[in-house]
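Dear colleague,

Please find the structure below, together with a short account of what was found in it.

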Amino acid sequence: MMKSLILTAALAATGFGATHAQSYTVRGTAPADLNGKTVYMTEYEQNRTLDSAVVRDGKFTFTRSDKGMRRLEHGRSYANIIAEPGTITVDLSNPKLVGGTPLNDSLAVLIDRMQKHYEAQDKLWADTTLTREEKMKRGKARGEQYTAAVTASFKANKDNAFGANALWDISYGIPPEQYLALYREGGPAVRDFVPLKNIKKFKEALLTTAPGKTFVDFEGTDSTGRAVKLSDYAGKGKYVLVDFWASWCGPCRQETPVVAKAYEKYKDKGLEVLGLFVWDKAKNLGKAVKDLNITWPQIIDSNDVVRDLYGVQGIPHIILIGPDGTILARDLRGDAIEIEIAKHIR
C-alpha cells in the first residue's frame, strides 16, 4: 500500500506542479436525505465559501477553474478534494471515495491509510489484555510507521496540494524540528498553504519556549482589571508552576486538586503557582475560582496571545519555570506535576 501511494503521488507530482489552474469538474453523489439541499465548496486558506450546488437525485456538480485543497460539505456530510484539471468524483457519504484525477486518487489512498491507522490505534487502547506500557510501546511503533509512510508520500509531492495535505496530516504528531525541516523542503504549494504556515508558527513557538529556554513574557489582567505580567512572578527567585486553564475545561478542573496538593506541599519551600485563564470570558473567573477553592493568583489572557507565544493548542497545559526564569518542563499532568517539582525542590 505504501509503495502504491508513493508511486501514484509521484506520477501526479510530475504532471501537476505550480502551473496555471485549468478547468475541472466535480461529479458528486450524496445521501438521499440531502436531495434538494445545498452542498458548499470552501477553501482552506481563509475558510471562504467559493461555490454551491444543489443535490438532485442524489447527485451534484461543480465546474470551476482554480486549484488547491477544497472541502465539500452540508451539515455533517463532507469530503475533501484537490482541485486539479479533469473530472473529480466524490461521495459525501464516504470521504475516502474520492478520485478520478491523479492527486485525488492519491488522496483516497492517504485517507484510507489514515482511517485504518486510527482505527488500529483505537483498537489497541481498547485491548484490556495489555498493560498501559505495552499499549504505549506498540502505539508509538505504529505511529512511527504511519508517519514514515506519509512522510515518504510528502517527499514525492513537495510542491502540490497532495503534498501539502500529507504534511498537514502528520504535522501535530511530529517534533517541531522535523516539521520545520519538511516544511522548508516544500515548494510554494506547501509553504504558502495557510494551515501549514500557521502550524509553522506554532512549532517555532514550541522551540522558543522549550525546556531550557528562558520564559517569554506576556501581559494580561488580574480579576480586578489591573495589568499584570508573567515576569511579575517568574524569574524572581522562586519556582513558578503556570497552569493554563479555563472554567469550561473538565480536564482542567480535574488537575486543580493535583496542583493544589503540590502547592500546599511546596509553597513554603519556594514554589509559586500562577493560573493563566485562557480561551474564556473574564466574568467566568470569579465563580470558577470559588467553586474550585483556588488560592493562587490568576492572569486573564483576554487577547489570546499565549497561543502564539507558547504554542499551546490544548488545555490544561502546565509549565514549571525555575527561579532564574528558565523553563524546566512543559505539559505536566497528574502525578508528573509533583514528580517534576520534587526533582528541583527538596
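Glutamate 264 is found in helix 8, which covers residues 250-266; helices (H or I, at least four residues) and strands (E, at least two) are DSSP runs, numbered from the N terminus. The side chain of glutamate 264 makes a polar contact with that of lysine 267, at 3.4 Å. A polar contact is a pair of N or O atoms within 3.5 Å; within protein, one must be able to donate a hydrogen and the other to accept it, and residues adjacent in sequence count only if both atoms are side-chain atoms. From serine 153, glutamate 264 is 111 residues away in sequence and 51 Å away in space, C-alpha to C-alpha.

This is a predicted model, in which local features need pLDDT of at least 70 and side-chain atom pairs count only at pLDDT 80 or more, while totals for chains, interfaces and linings use all residues. Residues are numbered from 1 along each chain as its sequence is written, and side-chain values use heavy atoms, with hydrogens and water left out.

The protein has 11 helices and 15 strands, and its C-alpha trace spans about 70 × 45 × 40 Å along the principal axes. Of its 346 residues, 47% count as buried (under 20% relative accessible area; exposed is over 50%, partly exposed in between; 1.4 Å probe, protein chains only).

Lysine 137 lies in helix 3, which comprises residues 132-155. Lysine 137 counts as exposed because its relative accessibility is 66%.

Yours sincerely
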